[in-house]
Amino acid sequence: MHIFLFLLFGLLCAGGAINLLIQRKPINSALSLIVVMGSLALIYLLLGAEFVAVVQVIIYAGAIMVLFIFVIMLLNAGEEEHTKGSKVAKIIGIPGLITGFIIGVSVLLQHGPQEKRIHIGELYGSASDVGMMLFTKYLLAFELTSVLVLIAIMGAVVLARRSHSS
Amino acid sequence: MTIPISWYLLLSAFLFACGVMGFLIKRNIITIFMSIELMLNGVNLSFIAFATRFGTLDGHIFVFFVMVVAAAEAAVGLAIIISVYRTRETLNVDRVNLLKL
Amino acid sequence: MSVLTFLIVAVIKIAITLGVLLTVVAYTVWLERKVVGHMQNRWGPSRVGPFGLLQPLADGIKFLLKEDLTPPYVEKHIYLIAPVIALVMALTSIALIPIGPVVHLFGISTPIQITGVVGATGQPGDIDAGLLIVLGITSLGVYGIALAGWSSNSKYSLLGSLRASAQMISYEVSLGLSLVGVLLMSSTLSLRGIVDAQLGTWFGFIPQWFLFRGQFIAFFIYLMAAFAETNRVPFDLPEAETELVAGYHTEYSAMKFAMFFMAEYANMVTVACIASVMFLGGWSGPPMPFLPAAVQAFLPLIWFLLRVFFFLFLYIWIRGTLPRFRYDQLMAFGWKFLFPLALANVIVTAFFVAIRA
């Protein structure tokens with residue numbers, strides 16, 4: 001059951017990522033990215049990370065990607081212009097990509113950590129555990145992040161505002 | 001039936017590689033930005049996989065921070081995209097090649 | 001409980017909940033037309049059946065039989081999938097709502113909640129992060145509206161869906177923050193746990209709802225944000241018919257339009273359910289020992305449905321009373337009034353919770 005779920009959502013994830021690359025319209029790329037994020041949330045659940053899975057849906061799929069789609073709608077972003085890639089990239093790039101991928105897969109499968117296997121249903125990343133850690137061990141980082149978000153809000157407002165002086 | 005953790009790492013590496021590729025071959029500035037999000041997602045997956053592997057929650061906290069930073073980045077980045085589109089009227093990064101108008 | 005019984009019970013619960021939900025949705029439309037009609041000194045639907053009670057059925061047949069137009073120049077795939085997204089997201093979140101306590105039927109005990117189970121100790125339980133999942137699902141509902149507007153390739157639809165997505169992501173902030181106070185006081189994210197925290201009474205008759213425990217400001221913030229989230233009057237700018245024809249569903253007809261329509265009313269029901277669970281004590285109610293046992297078993301359900309009915313009536317009442325906001329007023333109200341108020345409520349609640357701890 002576990003392996004079936006992993007394969008299903010892993011393939012959805014990989015398919016979405018590839019679709020993001022081959023689609024020419026930004027809206028289709030955005031939709032496939034939403035599929036990637038949704039299936040990643042379910043993979044997090046398989047890994048037992050309950051809180052992170054829900055936050056992934058709320059923040060990534062529910063807020064960030066809505067913002068992307070909003071901007072695509074606002075700017076009415078149409079089809080991407082076709083640019084000619086260099087011939088060298090095609091000759092060297094594709095075989096290089098395949099060999100690199102094969103090397104990476106074999107190294108990970110041979111030398112990667114294998115002793116620990118993951119069981120389904122071991123939910124240990126509940127909201128209270130994550131929150132406890134966030135407000136004790138990582139309190140400083142948390143507070144600094146809030147400053148970062150504040151600066152980002154101000155930056156977005158300043159950037160998107162039409163200048164009235166000119 | 002359980003699965004080894006390296007499978008998760010493989011998926012994570014694949015997502016990251018797709019993100020890098022999209023960043024390099026795409027010409028639309030919004031799609032490039034989405035490729036960056038894809039890379040961040042790939043990294044998040046490996047964080048969670050390692051958190052499960054070592055039985056700690058630190059990985060979850062890092063993913064949380066990555067999400068917050070990604071949200072801040074999306075807000076600022078999309079604002080930049082809007083202002084670029086206002087001045088250049090294009091989303092193609094090849095056309096945005098002047099520092100000053 | 002074996003896996004097979006679990007599956008059978010789950011399927012039965014899903015079927016009943018879905019049936020009840022769709023009936024409630026259909027009759028909310030009837031209720032709305034009837035009540036608004038009476039408020040405006042009209043009769044409302046009165047031809048089909050007694051008091052027009054068969055009107056929803058007639059409407060459904062009409063939707064099914066009308067020609068299903070797909071305009072040219074639309075983005076076909078996205079155009080077709082948008083209403084499905086809207087409806088599915090609207091119907092899914094009801095699965096997490098705890099509607100009643102544990103019932104014992106045919107030797108099986110199960111809580112009246114699709115995602116609820118009875119644990120080994122006999123205690124009912126549900127998903128730990130239940131409220132977060134509901135918020136996540138409702139935040140995905142924006143896609144249905146945004147994609148519908150974009151794919152229709154029409155000015156009215158695009159403007160309507162731009163308005164809708166901006167409005168929904170703005171008010172989601174206040175909506176989420178208004179619930180934080182309740183979470184601080186109940187210290188759980190499980191919806192069943194939140195109801196359990198409100199079951200007691202003071203002096204035997206004042207219920208310990210969070211509404212009466214200092215969360216009334218949060219309750220009103222929630223109500224206003226919920227009106228905006230469901231695109232209802234006075235915040236129905238995405239479908240303002242005087243300026244935008246019908247907003248994001250201008251280009252939709254027949255069953256595809258009906259799906260948006262059902263999604264809107266299903267969202268109203270979900271929002272009402274969440275309000276009753278979070279602020280009004282879910283299914284709690286005064287005990288009625290003089291009633292027969294068979295009726296008593298259904299009392300919690302009746303209390304819950306009464307609360308939901310109250311909220312639905314409130315929606316309709318406000319629709320019959322208030323005019324529509326202007327768009328800048330809407331944004332200013334959300335960001336400059338509701339949002340700081342919700343933040344202040346969170347801070348004050350946290351302060352009191354910290355003092356009592």
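Me: What should I know before I start?

Reply: Residues are numbered from 1 along each chain as its sequence is written, chains are lettered from A, and ligands are numbered from 1, in the order in which they are written. The model is predicted, so local features need pLDDT of at least 70 and side-chain atom pairs count only at pLDDT 80 or more, while totals for chains, interfaces and linings use all residues.

Me: Which chains share the most contacts?

Reply: Two residues are in contact if their C-beta atoms, placed from the backbone, lie within 7 Å. Two pairs of chains are in contact, and chains A and B share the most contacts. Chains B and C have no contact; their closest C-alpha atoms lie 13 Å apart.

Me: How many residues does each chain give where A meets B?

Reply: Chain A gives 65 residues and chain B gives 55. Helices (H or I, at least four residues) and strands (E, at least two) are DSSP runs, numbered from the N terminus. On the side of chain A that touches chain B, α3(A) gives the most, with 12 residues. By class, that side has 48 nonpolar, 12 polar and five charged residues. Ala, Val, Leu, Ile, Met, Phe, Trp, Tyr, Cys and Pro count as nonpolar, Asp, Glu, Lys and Arg as charged, and the others, Gly among them, as polar.

Me: And where A meets C?

Reply: There, 16 residues come from chain A and 18 from chain C. Again α3(A) stands out: 13 residues, the largest share of chain A's side, come from it.

Me: Which residues of α1(B) are buried?

Reply: A residue is buried if 20 or more other C-beta atoms, placed from the backbone, lie within 10 Å of its own. Among those in α1(B) are B:Leu11, B:Phe14, B:Leu15 and B:Cys18. An α-helix has 3.6 residues a turn, so residues three or four places apart point the same way.

Me: How many residues are in the largest nonpolar core?

Reply: A nonpolar core is a set of buried Ala, Val, Leu, Ile, Met, Phe, Trp, Tyr and Cys residues joined through C-beta atoms within 7 Å. The largest has 163 residues. To this core, α3(A) gives the most, with 18. C:Ala275 is one of the residues with the most contacts inside it.

Methods:
A residue is buried if 20 or more other C-beta atoms lie within 10 Å of its own, exposed if 12 or fewer, and partly exposed in between; C-beta atoms are placed from the backbone.
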